[in-house]
Amino acid sequence: MSTDLAALSSSIQAAIAGAQDEAALDAVRVAALGKKGSISALLATLGKMTPEERKEQGPAINGLKNEVAALIETRRETLAAEALDRRLASETLDVTLPLRPAPTAMGRVHPISQVIDEITAIFSDMGFAIAEGPDIETDYYNFTALNFPEGHPAREMHDTFFFEPDADGNRKLLRTHTSPVQVRVMKQTGEKVPAKWMSPAQEPPIRVVIPGRTYRNDSDQTHTPMFHQVEGLVIDKSSHIGQLRWVLEEFLKAFFEVETVTTRFRPSFFPFTEPSMEVDVQCDRSGNEVRIGEGNDWLEILGCGMVHPNVIAHAGLDPDVYQGFAWGMGIDRLAMLKYGMPDLRAFFDADQRWLDHYGFRPLDLPTLFGGLSS
């Protein structure tokens, strides 16, 4: 009988261990301890045994019953824990995940805005003020005051967006350059225009830089109908080309963050300057990007010159007393050169992927001591 109990115990233990869920385990329990279970059947035979046999088999059968019940309960707890682990793994939320970045961390500053901030930081450090002017200009400020006479061929240099004529036959236009602001800054009196576009009356010296939007009817890989320029103006009694060259070279070194630059001045023509010059900067084009301040190539980067006496006179100053110099360059072109952007049109496509790649982190304002493009 003891051999039968041992075999039965081994069989039930194997069934308990092999149960993969609570339903299977409950089937083992019923088969062993249920009313018709194998252990229950053994317990039923105790009544037919002699007292001596009952005294011997009773404790053995009841011990097996208790042992099986304990094994079943232990296995039940194990299966319940495993089921809970599986449920937690499938349904849990990982509360340790980081928060989404704040809007100030996700947003990006457009490269044009960044470059304007860089330019103004550099020239502000040199003692220049920032001036602005209206995008919609009069023919006088955009052309006549800048020494573009009526009917002069130089007016055809700019493919201008004109508005419809007013009742007097005058047509306003979208400014083709930021140079009209030079006249507005110099002008002590003049047309009644909104106060926000008129600088306070001032006697020279004048030192201003003028960033802003400009408009010309042109569109390709390196031209867009609306683009950005920055101009500089210095008016004093003793301004000269040597000062102009120093200002431009110091700006280029600071903007491109290089130790030295070599520039080349070539004669050119602009109606509002005399003499007029175009400036090339030494660069290296041998790789996939243009490197300023090294190599054996040259790259045209801006136009400049001494302010024409007629422009000074139009502004109400005496050209026999005052003289000055001015320069202008494309902000979009500067951004493309510094940050390796191949197509100007992408600046205005509002593509979030492009902005995420080329944009700058907000609140990281460029400074000369902290880094312009850090």
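Helices (H or I, at least four residues) and strands (E, at least two) are DSSP runs, numbered from the N terminus. Axes are lines fitted to C-alpha atoms, for helices over the stretch in contact, and angles run from 0 to 180 degrees between N-to-C directions. The structure is a predicted model, in which local features need pLDDT of at least 70 and side-chain atom pairs count only at pLDDT 80 or more, while totals for chains, interfaces and linings use all residues. Residues are numbered from 1 along each chain as its sequence is written, and side-chain values use heavy atoms, with hydrogens and water left out.

Helix 2 (residues 22-33) packs with helix 4 (residues 51-91) at an angle of about 175 degrees, and their axes are 10 Å apart. Helix 2 is therefore roughly antiparallel to helix 4; angles under 35 degrees count as roughly parallel, over 145 as roughly antiparallel, 65 to 115 as roughly perpendicular and the rest as oblique. Contact means heavy atoms within 4.5 Å. On the helix 2 side, the contact involves Glu 22, Leu 25, Asp 26, Arg 29, Ala 32 and Leu 33. These meet Lys 65, Val 68, Ala 69, Ile 72, Arg 75, Arg 76, Leu 79 and Ala 80 of helix 4. By class, the contact of helix 2 with helix 4 holds eight nonpolar, no polar and six charged residues (Ala, Val, Leu, Ile, Met, Phe, Trp, Tyr, Cys and Pro count as nonpolar, Asp, Glu, Lys and Arg as charged, and the others, Gly among them, as polar).

Helix 9 contributes Phe 251, Phe 255 and Phe 256 to the contact, and helix 11 contributes Leu 334, Leu 337 and Lys 338. Five of these residues are nonpolar, none is polar and one is charged.

Helix 11 is mostly covered, with eight of its nine residues buried (buried means under 20% relative accessible area, exposed over 50%, partly exposed in between, with a 1.4 Å probe and protein chains only). Just after helix 11, Gly 340 adopts a positive phi of about 70 degrees.

Strand 5 (residues 226-236) is largely enclosed by the rest of the structure, because nine of its 11 residues are buried. Two strands pair if DSSP finds at least two bridges between them. Strand 5 pairs with strand 4 (residues 206-215) in the antiparallel sense over 10 bridges, and Val 230 of strand 5 is the bridge partner of Pro 211. Strand 5 also pairs with strand 10 (residues 323-330), in the antiparallel sense over eight bridges. In strand 10, Gly 328 is the bridge partner of Glu 231.

The structure holds zero disulfides, a disulfide being a pair of cysteine sulfur atoms within 2.5 Å. The cysteine sulfur closest to that of Cys 283 is in Cys 304, 17 Å away, which is too far for a bond. Cys 283 is buried, with a relative accessible area of 0%, and Cys 304 is buried at 2%. Ala 315, in the loop between helix 10 (309-314) and strand 10, also counts as buried, at 1% relative accessibility. Ala 315 and Cys 283 are 32 residues apart along the chain, and their C-alpha atoms are separated by 38 Å.
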